Amino acid sequence: MTGTGLPLEGVRVVEMTHMVMGPTCGMILAQLGAEVIKVEPPAGDKTRSLGGMGTSFFPLFNRGKRSVVLDFAKPEDRELMHRLLASADVFLENFRDGQLEKQGLGADELRRKYPHLIVAGHKGFLSGPYEHRPALDEVVQMMSGLAAMTGTRDKPQRVGSSANDIMGGMFGVISILAALYQKRNGNAEAAAGIRIGLFENCLFLVAQHMVEYEMTGNKPRSMPEREHAWPIYDIFETRGGERIFIGVVTEGHWQSFCREFGLTEFLDDPSLCTTTARIMARGKIIPRAAEEIKRWDAAELSAKLDGLNICFSPINRPEDLFDDPHVLRVGGLVNNFNVDGTPFRVPALPIQWNGANIGEGLKVAPLGADTAAIRAEFGGQGLESQELEKPPIAPTAKAAGRRT
């Protein structure tokens, strides 16, 4: 496909990743217009066959990529891998340190051999005492304190999605875009060796709590046990038994909420004239607010809160979002296609590009679907000439070879 008008059109990415973090990086780059060539072993990426909670991993994080099968036990496949890298702008990997070195694909060696190549490694840890360790999303949530903040001191609880893996892939994209910008800015041969750490990604998420302790000396309380920053910031039950979250966070909201829901006794109480005083009085405010809220049907209450410009939300589950009117707006969900051609709906990339959503019609490639095409494209040209002809991030140099 050519002429998409997407910002990364003409950028070629060679990806050797698995699971979630690395594939997320490649998936986002593909949606932004890059040609992403996923190199898989003969048995395929192991996540292709996952079931249960892992069922979505491969199709979700590998949409819009080409699939090439290479067997590095064969000299001709090792040579083809190097031809691909010579033609590429970016190489993505997420193997443990030392594994790719055995294949002649270590980061230092690649940067020496292909000075134009941006090498981005998604790892468990950045360089340091733990750099040798493997890591998982749940591991780093436990290590960083995120699980303790999400659950309680007695029962740490991981976040309910692969949040760190996905965010790590996003930091990979940010870093790669910065490196591409550096090259386009006149430094085409600048060696860019990027390392993204899953653990450090999670540290970034808990930095607000670390800095709170640094500044105050107070140990942050977990979310279920925390001191509230607002007088009303809670889940309430409505008349029909449905639950709703309401956050009253400004003085104007407090005034309008109390007037609208018959809580004027709080407005008339001189001891509740500041937010801090109201927080201290949550013991009497919340039961009264709950009493009034329970008089309302959920739909009527939502409309009323919306009219008052007060933050609120139903307590949804993931499956409920397929009925949400905002999710179902034009472009909110995009239609993609699994390996067997079965369509599935997925939230669009959470940006709009010139007013349009991104990601409609992406396909998940069957294992090795593009191997023959890649062999034909690169089989007749020697490695040396490929290296000589590699342009410095030319925007359209490789567009004709990209398939999404």
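**View 1. Glu292 in helix H12.** Glu292 belongs to helix H12, which covers residues 282-293. This is a predicted model. Glu292 counts as buried because its relative accessibility is 13%, and the cut-off for buried is under 20%. Which residues does Glu292 touch, once its neighbours within four places in sequence are left aside? The contacts are Phe261 and Leu263.

**View 2. The six-stranded open sheet.** Six strands form an open sheet in the order E3-E2-E1-E4-E5-E6. Their pairing is parallel. Strand E3 (66-69) and strand E6 (192-197) are the edge strands, and each pairs on one side only. On average, neighbouring strands of this sheet are turned by 20° against each other, direction ignored.

View 3. Strand E2 spans residues 35-40 and runs parallel to E3. Four bridges join the two strands. Lys38 stands opposite Ser67 in E3. H14 packs on the sheet here, where it touches strand E1 (12-16), E2 and E3. The direction of H14 makes about 80° with that of E3.

**View 4. Helix H7 across the sheet strands.** Helix H7 runs over residues 163-184. It lies across strand E4 (90-93), strand E5 (118-123) and E6. Relative to E5, H7 runs at about 165°.

**View 5. The crossing of helices H3 and H14.** Helix H3 comprises residues 75-87, and helix H14 comprises residues 371-378. Their axes come within 11 Å and cross at roughly 75°. H3 and H14 are therefore roughly perpendicular to each other. H3 brings Asp77, Leu80, Arg83, Leu84 and Ser87 to the contact. From H14 come Ile374, Arg375 and Phe378. How do the residues of the contact of H3 with H14 divide into nonpolar, polar and charged? Four are nonpolar, one is polar and three are charged.

**View 6. The three-stranded open sheet.** Three strands make up an open sheet with the order E7-E8-E9. The pairing is antiparallel. Strand E7 (232-237) and strand E9 (311-314) stand at the edges with a single partner strand each, so one side of each has no neighbour in the sheet. Neighbouring strands of this sheet are turned by 15° against each other on average, direction ignored. E8 and E9 run antiparallel and are joined by four bridges. Gly247 stands opposite Cys311 in E9.

**View 7. Helices H9 and H13 on the three-stranded sheet.** Helix H9 (residues 251-260) packs on the sheet and touches E7 and E8. Its direction makes about 130° with that of E8. Helix H13 (residues 298-307) also packs on the sheet, touching E8 and E9. The direction of H13 makes about 15° with that of E8.

**View 8. Phe245 in strand E8.** Phe245 sits in strand E8, residues 243-248. Is Phe245 buried or partly exposed? Phe245 counts as partly exposed because its relative accessibility is 24%. Beyond its neighbours within four places in sequence, Phe245 is in contact with Tyr233, Asp234, Ile235, Cys311, Phe312, Ser313 and Ile315. Met27 is 218 residues from Phe245 along the chain, and the C-alpha atoms of the two are separated by 33 Å.

**View 9. Residues 380-404 and model confidence.** The chain averages a pLDDT of 89, and 92% of the residues score at least 70. Over residues 380-404, pLDDT stays under 50. The model has 61 contacts beyond four places in sequence for this stretch. Where pLDDT is low, the predicted coordinates should not be read in detail.

Note on methods:
Residues numbered from 1 in each chain as written. Predicted model: local features only at pLDDT ≥ 70, side-chain atom pairs only at ≥ 80, totals over all residues. Heavy atoms only, no water. pLDDT = per-residue confidence, 0-100. Contact = heavy atoms within 4.5 Å. Buried < 20%, exposed > 50% of the residue type's maximum accessible area, 1.4 Å probe, protein only. Axes fitted to C-alpha atoms, helices over the stretch in contact; angles between N-to-C directions. Parallel < 35°, antiparallel > 145°, perpendicular 65-115°, else oblique. Nonpolar A, V, L, I, M, F, W, Y, C, P; charged D, E, K, R; others polar. Pairing = 2+ DSSP bridges.
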